Amino acid sequence: MEQHPSIRDLPLELLLTIFQWSLDISTLQKDRCRLSLVCRRWRDIVQKSACLWTDISAYDSIEYIKRSLVKSANLPIDLHYIYRNPDNPRNTLLSYLEAVRDHFSRCRSLVAKARPFDTCGQLFDDLQNIPAPRLESLVLEVGISQRWDPGAGFDLRRLPGMTTFPKLRRLEISGIPCEISPPGLQLNDFRSLNLVGVVNVEADQLLDVLRNSPRLERLGLGLSPLTRPSQPVLAPIHLPYLLALRLIYMPISVSQFFLTTIRAPNCSELSISSKFPERPDDVVREKLFTSDTKHFSPVLQKLLTRGIFKDAHMYVIRWTNRIDFDLRLDGKEVDSVGRRIVWLAFQLHSVEQIEQTVHWLVGHLKRDMPKIPIRLFMDGIREVRLLDVFDSHMAITHLCTRVRERPGAPVGAPQPSPIFLHMAQPTASSWPLPDLEVFVYDPMSRNGSQHEALLDMLRRRYGSGPKELDSERILPRPLRRMRIGPLLMHDRNFLGEVEKILPHAEVSVIGTDSFW
């Protein structure tokens, strides 16, 4: 009789590898328990293998944390304190540090993403007990309330090992005033470097770190008073392994400098955000993507034409003194983790600048490439021509237009939203926004000044009246979903009218689970 291999026959080394991959930081105790319940052999392996107990997570109880520290024997440990929601982790930062403090000498990596209300001073004091020669990964992040607190922060030179970190490959610090580039500090050969909200970063020394990290894969810089280097850069910095580049709200000149200096032909994730001065010119092309950054043009074109995006979002929000333009193109999930391929966020000052930016982006797309399906969110935007620009270059499948009364408008009967009027008027061959599937109506006041304009638009586009069967005009795609703002959730008359016009669409109130 032919014998078939059984999972019980797997060698111990292979089983341990599988077990390690099956452990999740947020459910370590449950995961180890599930593995132990399969059979006696698996239970013995889990209970006696120190390598399966080296992850120490604040999601577990203090008693379980202490048990894990004992079972990990003398192996290097990885400490995880990650704040995700008000119910997790189960312990405060102080209670977690108290439980693991005596084992800092074995720390191989530390990830501390603290709550906005956590006290981080003790964390900085405890960091002095981590032996730098063993440290491979250091990730520190605190909430908004801790940012720029002059009483918080620490100096990497105070860690044991003084100025060298021979094994440090990942350094990510966000929201903490931190000395990361004082004279004499040797940092090199990074794989991941992310510095956001870090106060003391000197550009010249940062460039030295990049030159000495040729295998760098992820680089993020932002929200820091970083200035251009004092000396001109004589040669570009080649980072052939760089996959992700994030330049977040730094001065335009600094972002432009890094785009000029860094050569990253294999970059697959690009995030850039900038505040532009009040000028009428084409700021994106003339101030950020200049002739000095032309080597990034094929990178950007590759990102924009690489294939089908899982999600594409565009936000255009008018404030008192600026207009925010935000484009996010997200790729398909890998291992249940979404990946942002392109994120461009600019604070502009006119509709013309947005039009120029969109035309510049479209210039990087292939002529024969189908329109990118996109979810468009417009707040305070009344200019119909801007909607036409988006409609001509993209397939708008989701639309939310927040209706606000125009400042300084004459008192009396409110004027219908130009956007609604535009959507209700077809051309000779088609309707505006022919690909629209989901529409969100989110008024910002209870007076219902735009209700009739909206209902009239819906009747004209989707009503059950005559459809001009003899016309060659292409009909708009039927709405799949209509979302209503929370201010209208008790207006039964309005909701009833919408449901009459859209009998086959899902009509619901915007919830906390999903805006669209």
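Let's start with the whole chain. Its secondary structure comes to 15 helices and 21 strands, and 49% of its 516 residues count as buried. Among contacts with a separation of 6 or more, 69% are between residues 24 or more positions apart. The accessible surface is about 25,900 Å², with 52% of that belonging to carbon and sulfur atoms.

Where pLDDT is low, the predicted coordinates should not be read in detail.

Next comes helix H11, residues 351-362, with twelve residues. From first C-alpha to last it reaches 17 Å, close to the 16 Å expected at 1.5 Å a residue. Its buried residues are Val351, Gln353, Ile354, Glu355, Thr357, Val358, Trp360 and Leu361.

Finally, have a look at strand E19, residues 438-441, which is covered on both faces. Val438 and Val440 lie on one side, Phe439 and Tyr441 on the other, and all are buried. E19 pairs with E18 (residues 394-402) and with E20 (residues 481-484), as the table shows.

| Strand pair | Bridges | Direction |
|---|---|---|
| E18 and E19 | Four bridges | parallel |
| E19 and E20 | Four bridges | parallel |

Within these pairings, Leu399 has Phe439 of E19 as its bridge partner, while Tyr441 stands opposite Ile484 in E20.

Note on methods:
Residues are numbered from 1 along each chain as its sequence is written. This is a predicted model: local features need pLDDT of at least 70, side-chain atom pairs count only at pLDDT 80 or more; totals for chains, interfaces and linings use all residues. Side-chain values use heavy atoms; hydrogens and water are left out. Helices (H or I, at least four residues) and strands (E, at least two) are DSSP runs, numbered from the N terminus. Buried means under 20% relative accessible area, exposed over 50%, partly exposed in between (1.4 Å probe, protein chains only). Contact means heavy atoms within 4.5 Å. Accessible areas come from the Shrake-Rupley method with a 1.4 Å probe; for residues, only the protein chains shown count as cover. The expected span of a helix is 1.5 Å times one less than its number of residues. Two strands pair if DSSP finds at least two bridges between them.
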